[in-house]
Amino acid sequence: MFDMGTDNLPTQTTSSRLHPPETDIGAISLYVHIPFCETKCPYCDFNTYTAIESLIPSYISALKTELSLWGSRLGRPRVTTVFFGGGTPSYLPAAEVESLLKHIRTCCNLDIVQEITLECNPGDVTLDKLSSYLDSGVNRLSIGVQSFSDSLLRLLGRRHTSSDAIRSYKLAIESGFENVSIDLMYGLPNQTIQDWNTTLEIARGMEPAHVSMYCLTLEDGTPMKKQVQIGTLPPPDADLAADMYMMCDETFSHPDYRHYEISNWAKPGNESVHNLTYWRNESFLGIGPGSHSYINGQRFWNIKPPREYITRLKTSHKEPTQSPVPNIPVVDEVEAIDRKMEIAETMMMGLRLDTGICIDQFSARFSDTPAKHFGSIISELESTGLVEQSSDFIKLTAKGRLLGNEVFSRFFL
Ligand code: SF4
């Protein structure tokens, strides 16, 4: 069965009321959530909303308040990457992105920042917006193309066409962006191998610096899942999806592109620095409703409703809140990640990378080799052809990449 590891594995909550560290956290990545979308795609279960544009000004103020609170709590932390995700960050007026970045610079130290990414919907992109992003310091765009088939874009409920996607990519390059990523989706109802091949060929011809390719997951409660359940759309075909996944590698092959993570390909030097933070299981702070953070062995996440998020940040100085983190009124829960869980998660996330787990780095971080913790599991995975190992690394094989979740689950038994 095709199972390349895009699902979240269950984790164990060990506490719900802890205090994240206040200072000396080292450099972190910063995620900023923009929960606005013009329309809701039928497959999407992200924390995003339509028809709440009137909240944008108060939402931006609330984000700035949360940033200020974390900035002072963490001692103006050093930030290596900023990622505006959503939702649809490009749906915001460009001036709001500029003012947010200005504010981030006051709350965080961006002296060593390497990458500032903004997610764009192809329908939103104009030369003026792109120039403004560049002037504000954004140096990487991630464009949600999804497909170059207009009929599949309609099925996905996207508000752009294939030509909008090509036009937005060209505008991004013309305006001066050197690092532009495109997102594509496969394993869609009614999608044929020929559809996918056409999309891959068009994408390849554009020569993007970075490509992310995601297999559709039918999330509970989404309109698309309901359509499949009642039979108005065909269910996903795992074998066909596996064939489509292998076509990604054939199209975006060495030496031009590096298949550096299960779902990501990049021209060398254009790997997503922000996402590498997640895959290396390093520290990041998420701002905005529903955002997750992981700092010094503690994971915490914010309340999800944007209105409540705004209200709590407006009134926090007047009323006590139930937040488990003093003075940060929007944190919903905090979970302690004990050493055993951190080690298992580091294995799971690191194996997603083509470089796999570097034995020296793992040993420096945990004072023990992976074999000490998972010797018999690694040997068994090696004997079934899912991982390979040397004295320097442990990594997934090509077969292991197709069966990622099966491999990862072994580290959580
Ligand atoms: S644009 Fe993206 S975030 Fe918004 S509804 Fe569609 S998939 Fe979800």
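The model is predicted. Start with the overall layout. The domain assignment of the protein chain gives two parts: domain 1 covers 28-279, and domain 2 covers 340-412. Their centres, taken over C-alpha atoms, are 28 Å apart.

Now look at where these domains touch. On one side, 9 residues of domain 1 take part; they are in contact with 8 residues of domain 2. Three elements of domain 1 give two or more residues to its touching side: α8 (238-251), β7 (258-261) and α9 (273-279). Of these, β7 gives the most, with 4 residues. By class, the domain 1 side has 6 nonpolar residues, 1 polar residue and 2 charged ones.

Stay with β7 for a moment. This strand runs antiparallel to β8 (residues 264-266), and 2 bridges join the pair. The link from β7 to β8 is a hairpin, made through 2 residues.

Next comes an open sheet. Its 3 strands follow the order β13-β15-β14, and the pairing is antiparallel. At the edges are β13 (357-358) and β14 (387-389), each of which pairs on one side only. Between β13 and β15 (residues 393-396) there are 2 bridges, again in the antiparallel sense. Here I357 stands opposite I394 of β15. A helix covers these strands: α13 (residues 370-383) lies across β13, β14 and β15. The helix runs at about 125 degrees to β14.

The loop between α12 (359-366) and α13 holds S367. This serine is not a glycine, yet its phi is positive, at about 60 degrees. Is S367 buried or exposed? S367 counts as exposed, because it has 8 C-beta neighbours inside 10 Å, and the cut-off for exposed is 12 or fewer.

Turn to the ligand. Which residues surround it? The shell consists of C37, K40, C41, C44, F46, T48, G86, G87, T88, N121 and G144. Sorted by class, these are 4 nonpolar, 6 polar and 1 charged.

G86 and G87 are joined by a cis peptide bond, with omega about 15 degrees. G87 sits in the loop between β2 (79-86) and α2 (94-107).

Strand β4 (residues 140-146) includes Q146. Q146 also has a positive phi, near 70 degrees, in a residue other than glycine. Its surroundings can be counted. Q146 is buried, because 25 other C-beta atoms lie within 10 Å, where the cut-off for buried is 20 or more.

Finish with L127. This leucine belongs to helix α3 (residues 127-136). Why does L127 count as exposed? L127 has 11 C-beta neighbours inside 10 Å, so it counts as exposed. Leaving aside neighbours within four places in sequence, L127 is in contact with L171 and S175. In sequence, L127 and S175 are 48 residues apart. In space, they are 6.5 Å apart, C-alpha to C-alpha.

Definitions and conventions:
Residues numbered from 1 in each chain as written. Predicted model: local features only at pLDDT ≥ 70, side-chain atom pairs only at ≥ 80, totals over all residues. Near = placed C-beta within 6 Å. Nonpolar A, V, L, I, M, F, W, Y, C, P; charged D, E, K, R; others polar. Domains from an automatic or database assignment. Contact = placed C-beta atoms within 7 Å. Pairing = 2+ DSSP bridges. Axes fitted to C-alpha atoms, helices over the stretch in contact; angles between N-to-C directions.
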